[in-house]
Amino acid sequence: MGFGSLNSGEMLIGLVLAALLGLIPANIAKKKGYSFGLWWLFGFLFFILALIIALVMKSKTAPGLQAVADVQATPPGMVKCPHCQSNIVPQAAVCPYCAEKTK
Ligand SMILES: [Zn+2]
């Protein structure tokens, strides 16, 4: 007795929590170039499963992002080519990537 009334509030809290948790894999999937809405639904229904798959699945946008990250990080002792932004040694008169003069 009281089963239905007792659980309606808890059910609602559970649903809200599941909806909020679903945002986590949805955000991860969105960053990887997948549908936010579909992954939110997936996370809402199967949070742990969606989270694991979202974390391990390959990113659609990774190659581009990786290239940008590589360009942005200039290792010590290297300079950026003013033409193509590649990391080159400061002594190089000509950029080995775009063949433009660096000075
Ligand atoms: Zn260059």
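A: The answer starts with the model, then goes through the core helix by helix.

This is a predicted model, so local features need pLDDT of at least 70 and side-chain atom pairs count only at pLDDT 80 or more, while totals for chains, interfaces and linings use all residues. Residues are numbered from 1 along each chain as its sequence is written. pLDDT is the predictor's confidence in each residue, from 0 to 100. Its mean over the protein chain is 86, and 83% of residues reach 70 or more. Among the elements, H2 has the highest mean, 96. Helix H4 (residues 62-72) has the lowest, 54.

The protein chain holds four helices and two strands. Both kinds are DSSP runs numbered from the N terminus: helices are H or I with at least four residues, strands E with at least two. From the N terminus, the order is α-α-α-α-β-β. Of the 103 residues, 13% count as buried. Here buried means 20 or more other C-beta atoms within 10 Å of the residue's own, exposed means 12 or fewer, and partly exposed lies in between, with C-beta atoms placed from the backbone.

Now the core. The largest nonpolar core has eight residues: Ala26, Ala29, Trp39, Trp40, Phe42, Ala50, Leu51 and Ala54. A nonpolar core is a set of buried Ala, Val, Leu, Ile, Met, Phe, Trp, Tyr and Cys residues joined through C-beta atoms within 7 Å. In soluble globular proteins, nonpolar side chains tend to be buried together.

Start with H1. Ala29 lies in this helix, which spans residues 3-31. Ala29 counts as buried because it has 26 C-beta neighbours inside 10 Å. Set aside its neighbours within four places in sequence, and Ala29 is in contact with Tyr34, Phe36, Trp39 and Ala54. Two residues are in contact if their C-beta atoms, placed from the backbone, lie within 7 Å. Trp39 is ten residues along the chain from Ala29, and their C-alpha atoms are 6.6 Å apart.

Ala26 also lies in H1. It is buried too, with 24 C-beta neighbours inside 10 Å. Beyond four places in sequence, Ala26 is in contact with Phe36, Trp39, Trp40 and Gly43. Gly43 is 17 residues away in sequence, yet 6.9 Å away in space, C-alpha to C-alpha. Asn27 is partly exposed, because it has 15 other C-beta atoms within 10 Å. The C-alpha atoms of Asn27 and Leu51, 24 residues apart along the chain, are separated by 9.9 Å.

Next, H2. Its buried residues are Trp39, Trp40, Phe42 and Gly43. They cover an arc of only 165° around the axis, so they sit on the same side of H2. The arc is that of the directions from the helix axis to the C-beta atoms. An α-helix has 3.6 residues a turn, so residues three or four places apart point the same way. The other side of H2 carries the exposed Gly37, Leu38 and Leu45.

H3 (residues 47-56) buries Ala50, Leu51 and Ala54. Their arc is only 100° around the axis, which puts them on the same side of H3. Turned away from that buried side are the exposed residues Ile48, Leu49, Ile52 and Val56. Leu51, leaving aside neighbours within four places in sequence, is in contact with Ile24, Pro25 and Gly43.

How do H2 and H3 meet? They pack at an angle of about 135°, with their axes 5 Å apart. H2 is therefore oblique to H3. From H2, the contact uses Trp39, Phe42 and Gly43; from H3, it uses Phe47, Ala50, Leu51 and Ala54. Axes are lines fitted to C-alpha atoms, for helices over the stretch in contact, and angles run from 0 to 180 degrees between N-to-C directions. Under 35 degrees counts as roughly parallel, over 145 as roughly antiparallel, 65 to 115 as roughly perpendicular, and the rest as oblique.

Last, the wider chain. Among contacts between residues at least 6 apart in sequence, 26% join residues at least 24 apart.
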